[in-house]
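Visitor: Please give me a close look at one part of this model, the surroundings of its ligands. I would like to know what lies around each of them.

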Amino acid sequence: MKILTAEQIREIDLKTTTYENISSLELMKRASKAFFDWFTTRFTDKNLPVSVFSGTGNNGGDGLVVARMLQKSGYKVNVFIVEYSQHYSEDCAHNVRRAKVENIPIKKITSTGDLPSLSGFEIIIDAIFGTGLNREVTGIAREVIEKINRSGKKIISIDVPSGLSMNGKTYFAVHATETVTMQIPKLALYLPDNRNFTGEVYLINIGLNETAISDAKTAFYFITKQEIKELLKPLDKFAHKGTQGHSLLIGGSIGKMGSVCLASRAALKTGCGLVTAYVPKCGTSVLQSAFPEAMVVEDRNDTHITGIDFTIHPDAVGAGVGLSESPETQHAFYRFLQQNKSPLVIDADGLNILSKNKEWLALLPSRTILTPHPKELSRLIGVWNEDYDKIYKTREFAKKYRLIIVLKGAYTLIIDSENVYVNSSGTPALATAGSGDVLTGIITSLLAQGYEPLDAAKAGVFIHGLTANLSATKIHARSFTASDIIDNIGNAYFDIEK
Ligand SMILES: NC(=O)C1=CN([C@@H]2O[C@H](COP(=O)(O)OP(=O)(O)OC[C@H]3O[C@@H](n4cnc5c(N)ncnc54)[C@H](OP(=O)(O)O)[C@@H]3O)[C@@H](O)[C@H]2O)[C@@H](O)CC1
Ligand SMILES: Nc1ncnc2c1ncn2[C@@H]1O[C@H](COP(=O)(O)OP(=O)(O)O)[C@@H](O)[C@H]1O
Ligand SMILES: [K+]
């Protein structure tokens, strides 16, 4: 699914009205009805007092239409118009008139003295600014937003939290508890810098014209379940373990053997036919008792890897989990990179070793997948100022070395030399020890099964996240562990194929 800019969305808006021969007012009604449906399925108690804060543009117009629909269906609604400009958009002005005729309580806020008490309201609907924001929020709009943010109430933003910049760092905006955005994902909603503004983000379909959307060019995408469903290959009736791919996981050192166990088990559970773990001697019995399905190739050294010599022919290699950064291991890793021809995933200490020896990056096969968390990324590419800067620097880095970067986070980003993909699955339950090791195993397995590196990264990240979504009502987020991710990979496949 495409992530688009405010300008592109405006164009799609316009094209929708032209192609479908409807007025902009009609489109506003469609959008507001979609929000109304979302709202009324979640908040069924019509006695909860609702306040709608509307601006004077089309986002405000949406707020007014929503207020009208809510009152008509029996909700108790009050509207506050934040008059930051005397100039109302045509559709907003129309809906102010309609709301007055329908006797909805409306109050204008033009100065500090007009600021209402919020204590009587349970829910605040924020429709002050949408994607039309084009400068810093000042004056009365700022005062209203400060008051809303201090209220401690549930704040539901229509389209975007008012004040959120669509193309740069945001310093001041509504702190929404939920953002209900209209059909097209906006990059700003998924950036960690904006986590205090967006709350939980929902996408609702408002019936924008599909041709208009497909005409829009972009380098930013939101990964959806449908897309992953389409890229997963069916299981061949005549499959046998030799046709399903052989994953090799290289890693582990004394005290850190769990990481390779997790990665190896995740690889097998993701569907490759064979898994071999390459570990130091101290890891052999650990691995074989924890995970009997795996084969083990043992390093000559006891506590950490010093050789990386093997005679098997893996279809993909995942290297780096629990590896350690001792000088002998670094040297072994260098020699491995010199010889390796298999598709490759590098994580954890593998990344740290590369950060210390940046010239080795040139040895990586084209489309190697690196899976850093933000700290590991900063060791590789240096520091950044804010999220947009981080994304562009990462894309440059991916381009320079022909890599695919999986930047882990609440919304994991997959970045190659051209495009940026935002993952849509996952919950904070994944913030648990070994979660990243499991991801390495999943992606390595998909690579071994013959998926293109970009597809392996997208599907792997999506499946990994989905295990947490599917477990949300069965395992409390606080007690969800990396092993629970592995145990739910099968459920994730079921859910995707549904
Ligand atoms: N396809 C879709 O998704 C659909 C979208 N729809 C809805 O339209 C929304 C976008 O509406 P919009 O373009 O009218 O802009 P909006 O955000 O309401 O701002 C209003 C005006 O405020 C002004 N202004 C800007 N910054 C300012 C500031 N800091 N302080 C003070 N003033 C400032 C600026 O005007 P200016 O002053 O620059 O002339 C701007 O034009 C969108 O988010 C969605 O809710 C649906 O209705 C239909 C389908
Ligand atoms: N709040 C969150 N929401 C969704 N996913 C998360 C969240 N926090 C962490 N994750 C995911 O969990 C994994 C953590 O990986 P990593 O930081 O390498 O952990 P570890 O080193 O413990 O294995 C990543 O895939 C990341 O995207
Ligand atoms: K808003």
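Guide: Helices (H or I, at least four residues) and strands (E, at least two) are DSSP runs, numbered from the N terminus. This is a predicted model, in which local features need pLDDT of at least 70 and side-chain atom pairs count only at pLDDT 80 or more, while totals for chains, interfaces and linings use all residues. Residues are numbered from 1 along each chain as its sequence is written, and chains are lettered from A and ligands numbered from 1 in the order in which they are written.

Start with ligand 2. Helix H15, residues 435-448, gives the most to its shell, with 4 residues. In total 17 residues surround ligand 2, where a residue is near a molecule if its C-beta atom, placed from the backbone, lies within 6 Å of it. The closest are Gly-426, Pro-428, Leu-430, Ala-431 and Gly-436. By class, this shell has 9 polar, 6 nonpolar and 2 charged residues. Here Ala, Val, Leu, Ile, Met, Phe, Trp, Tyr, Cys and Pro count as nonpolar, Asp, Glu, Lys and Arg as charged, and the others, Gly among them, as polar.

Now ligand 1. Around ligand 1 there are 31 residues, and Gly-57, Asn-58, Asn-59, Gly-130 and Gly-132 come nearest. The elements giving two or more residues to this shell are helices H1 (6-19), H2 (24-42) and H3 (58-72). H3 provides the largest share, 5 residues. By class, the shell around ligand 1 has 14 nonpolar, 12 polar and 5 charged residues.
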